[in-house]
Each structure stands twice: as structure tokens, then as C-alpha cells.
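Here are my notes on the model, as numbered points. Please read them with the structure open.

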Amino acid sequence: MKFFIDTANLDQIREAQDLGVLDGVTTNPSLMAKEGITGAENVKNHYKAICNIVDDNVSAEVIATDYEGMIREGEELAKIDPKIVVKIPMIKEGIKAIKYFSNKGIRTNCTLVFSAGQAILAAKAGATFLSPFIGRIDDMSWDGMELIHQISSIYGIQGYDTQILAASVRNSLHIVKCAEAGADVVTCPLSAILGLLKHPLTDIGLAQFLADHKKANS
Ligand code: G3P
């Protein structure tokens, strides 16, 4: 399972990259706004900066919701760097745009996915990645992880190539459950990745090893 970090914050992207386990970055208009990145030129430069940190897979989202606008924006984004994946919303025009980019060999990430039906449609259109938002489903007291299981089963049966990119992943347990459910990728905050490190017995065990070593060598 690949690890993407879900942020536009360069320090956090660098920290995750330094850990040596990062496979990519996802952004969205809310995350860009959170970092204060506004205006076409600044947005472009910010994507360039992200691409300079990571090895591949930088999702950059279109703002347009009409077909022509999405094509225009997506082509501009794809020109920034070969690492860019054009992120497109799960709407009718978006499906047409995904098909267009798929035919041109430009990678896409179909976002705002909340059902198995949407997942089938995106795969048919040739999406490279599919982003089901599991945390937002959990927020409604439905089961986000169940959707990952269902899509994973359908994609397996049908032999679809689209990679399941579990999004709106909020914590470390989500990551573990995504791995069990068959997600190809998780995108999550840095805190959720670092949370995977934590176990009190690791800390207790290490303190004991170091104390024993010190005693024996003093
Ligand atoms: O990857 C999608 C993500 O940015 C949405 O996360 O926590 O706002 O539901 P959240």
C-alpha cells in the first residue's frame, strides 16, 4: 500500500519525505487555501515546490466544473511537472474529462467519491486513482471502511486497473484498516503516519535495553 500525505504544507511534506516512506501528495482547494496559496502563478509555483520534494504522484485539483474548463486547467497542471496527477471531481463532466485525459495518457485522481456506483463509473472512464472519502462517511455514522472493502472486491472481480486511494483518512487505525480492506493507497495527515510508530511497550523495552547496556558497560 502506498502512502500519500494529504496536505499542501511544505514542511510536513518534507518531514514525511525524510521518513523515507512517502509515495506522493494529495492537495485540494481547501488545503491550498489553508496554506494561503492564492492566484494562478502562486498555485503553479507551489505545485512545483511540492514536486521538487517528492518522487512522484502529486495530485493537483481543477477548480472548473465544466468539461472545457477542466480540460484546459488539467492540461495546464499536467504541464507543470510529469509528477502531477490531475484531480477531477466525480461529476458528469468530470467523468468525460477523466476519459479525455486517460486517452491522452495523463494520470487522473477522481475525487469526492462516496459510493460503489461512482467507483465503477470512474474505473470505466480510466481513472488512475479513485478517492473514496472514508472519514466523511464515518462522520455521517455510515461505515467508510465498508466502502473500501466493497470497491476492492468489485475492482478485483472486474479486473479494473484503477487504484483505490483511500482519502479523508483521519487517524492511524484508519491506515491499518485500509491496508486490511485492500486500499492501494492511503492519503492522510502526517500525524496519522507518525501515529503508526506509537506503542508503549516499544518505549518501555528500549528504555530497559539502554539501562541494561549502561549498567553492564559502566
Ligand atoms: O483527501 C481528502 C481530504 O483532504 C478530505 O479530508 O478530513 O477534510 O474529510 P477531510
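1. Start with serine 168. An N or O atom of the serine 168 side chain lies 2.6 Å from an oxygen atom of the ligand. Bear in mind that this model is predicted.

2. Two further side chains belong here. Aspartate 6 places an N or O atom of its side chain 2.6 Å from a ligand oxygen. For arginine 170, the corresponding distance to an oxygen atom of the ligand is 2.7 Å. The ligand has 310 Å² of accessible area on its own, and the protein covers 82% of that.

3. Around the ligand sit Asp6, Asn28, Leu31, Phe133, Arg136, Ala167, Ser168, Arg170 and Thr187. By class, the shell has 3 nonpolar, 3 polar and 3 charged residues.

4. Look next at glutamate 61. This residue belongs to strand S3, residues 58-61. Is glutamate 61 buried or exposed? Glutamate 61 counts as buried because its relative accessible area is 13%, under the 20% cut-off. Beyond four places in sequence, its contacts are Thr27, Asn28, Pro29, Tyr47, Glu73, Leu77, Lys87 and Thr111. Among these contacts is Asn28, which is also one of the residues around the ligand.

5. Last, the aromatics. The structure has 5 aromatic pairs. One of them joins tyrosine 155 and tyrosine 160 edge-to-face, with 5.4 Å between centres and 90° between planes. Tyrosine 155 is buried, at 5% relative accessibility. Tyrosine 160 is partly exposed, at 23%.

Key:
Residues numbered from 1 in each chain as written. Predicted model: local features only at pLDDT ≥ 70, side-chain atom pairs only at ≥ 80, totals over all residues. Heavy atoms only, no water. Near = heavy atom within 4 Å. Polar contact = N/O pair within 3.5 Å; in protein donor to acceptor, adjacent residues only side chain to side chain. Areas by Shrake-Rupley, 256 points an atom, 1.4 Å probe, with all protein chains shown as cover. Nonpolar A, V, L, I, M, F, W, Y, C, P; charged D, E, K, R; others polar. Helix = DSSP H or I, 4+ residues; strand = E, 2+ residues; numbered from the N terminus. Buried < 20%, exposed > 50% of the residue type's maximum accessible area, 1.4 Å probe, protein only. Contact = heavy atoms within 4.5 Å. Phe/Tyr/Trp six-rings, centres within 6.5 Å; stacked < 30°, edge-to-face > 60°.
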